[in-house]
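Subject: A structure for you to explore

Hi,

Here is the structure I promised to pass on to you. Please open it next to this email, and then read on for what turned up in it.

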Amino acid sequence: MQPQGTPENGYLWQRVNSQLSSPSQPYSLREALAQAQSSRIGASAQALRESLHPILRQKLELWEENLSAAVSLQVLEITEKFCMMAASHSIATDYGKLDCITAILMSFFSRNQPVAFWKAFFPVFNRVFNLHGATLMARENDRFLKQVAFHLLRLAVFRNDSIRKRAVIGLQILVRSSFYFMQTARLRVMLTITLSELMSDVQVTQMKSDGTLEESGEARRLRRSLEEMADEAKSPSLFRECGLPENALSAIPEKFSENRWSWSDVKHLSDSLLLALDASLEHALLGSAMTVDRYAAAEGFYKLAMAFSPVPDLHIMWLLHLCDAHQEMQSWAEAAQCAVAVAGVVMQALVARNDGVWSKDHVAALRKICPVVSNDITAEASAAEVEGYGASKLTVDSAVKYLQLANKLFSQAELYHFCASILELVIPVYKSRRAYGQLAKCHTLLTNIYESILEQESSPIPFTDATYYRVGFYGEKFGKLDKEEYVYREPRDVRLGDIMEKLSHIYESRMDGNHTLHIIPDSRQVKADELQPGVCYLQITAVDPVMEDEDLGSRRERIFSLSTGSVRARVFDRFLFDTPFTKNGKTQGGLEDQWKRRTVLETEGSFPALVNRLLVIKSESLEFSPVENAIGMIETRTAALRNELEEPRSSEGDQLPRLQSLQRILQGSVAVQVNSGVLSVCTAFLSGEPGHKATFTGTAATHSCTPGIHGRLQACYSSALPFDRRGRSGVPHTTCEWISVTNCRVISLHSRHSVRAMISPVPEAAICSYNL
């Protein structure tokens, strides 16, 4: 390349506009400089420059730029020749790391260069890495590679499209060299680190006219560059445009026999960097809303932690930010999960280095507490050893520190089964060190933890660690949340009205004059195309967690489903809620018209998680007919009654049933005040009156049993009523037995004719011969 103007060709010394001719203003830059020097204007070069006319000053800057480009091109040419001679061993060099080449390349990157220079630079850059890739990509040159990666990403943000495209080629050359001369995981770590550092220099957001934030042009150009890096279709034309052969990426270096270039690996690397960019952008766009919408703030920290997970230091930093955010919200279980995740990162690095007291089994045990902890032990942690970052700072003591923090936070959440599992991971460390005092403290804590678990199991009031709510978002103003459903985990004292008020406060502040917020008051199925435009809808429904072994197709009501059995690890990823409906469109109806829809939701991950809400990824529905509804109600009351009569009490020698619980069940079964009981079921389905649509047509023998059923139920009601009013310890045990027996017979009698597929057929003679 020849510079546009030099003192020899006189380009810069041509006479300027005649309007500038005056006794005080020379006609050329040479005359101006000579006059300034003769008059000794200013004692420095800066003062001399400022004394020039603006147009002459622009000419001076142009001349300096061309001179700099000419010098840079000469140095670049010499560097290329030196690399070629060193590769052919025509010359000897004492620089084991090729310090002379790396220093020159970094000098080129660190200075502003014209477009013409970059056009000539990247072919030389490609040749240098082809010839000396093994040396330049070695660990000894990590600082050089990290700086090169940073400057290439910086050039990928440039507004000049020619420079930006060449930066994309530079990134592809680095990735190609990593396939042959280093671990691709290590380059991924370097690029992730440099992207994180670049985010502090690049303005990723800009202000719109309405005062809100949006993605900046720099962020869009960086995103485009990272996408083009993995675009196989555009790559040949891009290389051809930049003066490189189209097959430059698939060319095999010397001493190698196979092509290792993989577009799938490049795509994986590009997606990883784009994930980090999106997480950084989303966090920046929150701005002041972080103080209002704590859920979005926590998700922002979580996405940053996951996006920068290839770098242990950055991963841990964002996890700790997330832990602090949860503690501010008093979300103790979620904060504890963050501490467990940090401990998991440290333990994985130690196990990968065989440097510690833990093994893969301990990591697997930790994964049962926090599924975010990866179960695959790889060498990627050691690949993260880059200057200023690395797994060498992760020690056994730091892992124990975060395990103890998790134990403290789980205790505050009263999730003691997790505490026991965590302390069992700490004990091997103290055993290996023979720290008997610490071992004594751990076992004392274990004793207290198991006593707390025993207390939870024996409590007459079922233990509830949290409440769960399904929240549906409908409206374009919600952005990415539109038409999505989430399950929220809230403290156990948060009721439906509380979360409605909280979410209304969060999202009302985001509405403008053209949009309003409306909360759908029920759990019916929402048809998005029938909603009013300009209105944003929130549908909030209380849901119940589903146990692993629970029969979701059971007709029983779920009011007692979580109250029995021992307290297990309360990890849930499925939830359900029941919605009453009738075929005529009404929500509520009589027993003979009341249908029930059971909706089962599956979330993306399990609770407790690192965040307070999880996306619903699957939804299924089951429908129960009115007769199935009624049978399920009777089955539920019968099972609850038998459980109260037969289950031993917590105190030794006390086998009497809990009177308060028994009274509550009796009120809901026979002497009902609000919900329908067995008597109403019989009236609706067994009365034989033509006014009841659900009346089935049985045989004469069956109908002859109906008066007996009504008579027995009336007797049960009469016996239970005095007990209900007295509330004393004199329990009419026969009444309880009659209620249980009668409930079972009603189910059998009805199922014989109406639900043959649900209960095995019972001979009609056997039903009617039972002593009613």
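Let's start with a contact between two side chains: E197 and K146 meet in a salt bridge, with 3.2 Å from N to O. The term salt bridge is used here for a side-chain nitrogen of Lys or Arg within 4 Å of a carboxyl oxygen of Asp or Glu. E197 belongs to helix α8 (residues 184–199) and K146 to helix α6 (residues 142–155), so this pair ties together parts that are 51 residues apart in sequence. Helices (H or I, at least four residues) and strands (E, at least two) are DSSP runs, numbered from the N terminus.

Before going further, please keep in mind that this is a predicted model: local features need pLDDT of at least 70, side-chain atom pairs count only at pLDDT 80 or more, and totals for chains, interfaces and linings use all residues. Residues are numbered from 1 along each chain as its sequence is written, and side-chain values use heavy atoms, with hydrogens and water left out.

Is K146 buried or exposed? K146 is buried, because its relative accessible area is 15%, whereas E197, at 24%, counts as partly exposed. The cut-offs are these: buried means under 20% relative accessible area, exposed over 50%, and partly exposed in between (1.4 Å probe, protein chains only).

Another one joins the side chains of R223 and D278, at 2.4 Å from N to O. This pair links distant parts of the chain, as R223 is in helix α9 and D278 in helix α11 (residues 263–286), 55 residues apart. R223 is buried, with a relative accessible area of 17%, while D278 is partly exposed at 32%. There is also a network of salt bridges, which links D161, R164, K165, R224, E228 and E241.

A230 is buried, as its relative accessible area is 14%.

**The strands**

Now move along to the strands, where two strands count as paired if DSSP finds at least two bridges between them. Strand β6 (residues 535–545) and β7 run antiparallel and are joined by two bridges, with P545 standing opposite F575 in β7. Strand β7 (residues 572–581) in turn pairs with strand β8 (residues 595–607), antiparallel and over nine bridges.

Which residue of β8 is the bridge partner of D578? The partner is R598. D578 and R598 also form a salt bridge, their closest N and O atoms being 2.9 Å apart. That pair links strand β7 to strand β8 across 20 residues of sequence. R598 is buried at 2% relative accessibility, but D578 is partly exposed at 29%.

R597 is the bridge partner of T579, and R597 lies over the face of F581, 4.3 Å from the ring centre. A charge sits over a ring if NZ of Lys or CZ of Arg is within 6 Å of the ring centre and within 35 degrees of the ring normal. In a second case, the charged end of R613 is over the ring of Y486, 5.0 Å from its centre.

On its other pairing, β8 is joined to strand β9 (residues 613–624) by eight bridges, again antiparallel. T603 stands opposite V616 in β9, and a hairpin of five residues connects β8 to β9.

**Aromatic rings**

Rings of Phe, Tyr and Trp (its six-membered ring) pair if their centres lie within 6.5 Å; planes under 30 degrees apart count as stacked, over 60 as edge-to-face and the rest as tilted. The count by this rule is 31 aromatic pairs. One of them is F117 with W118: the centres are 5.4 Å apart and the planes at 70°, so the pair is edge-to-face. Both residues, F117 and W118, are buried. They belong to one aromatic cluster, together with F108, F109, F121, F122, F125, F129 and F144.

Enjoy looking around, and write back with any questions!

Best wishes
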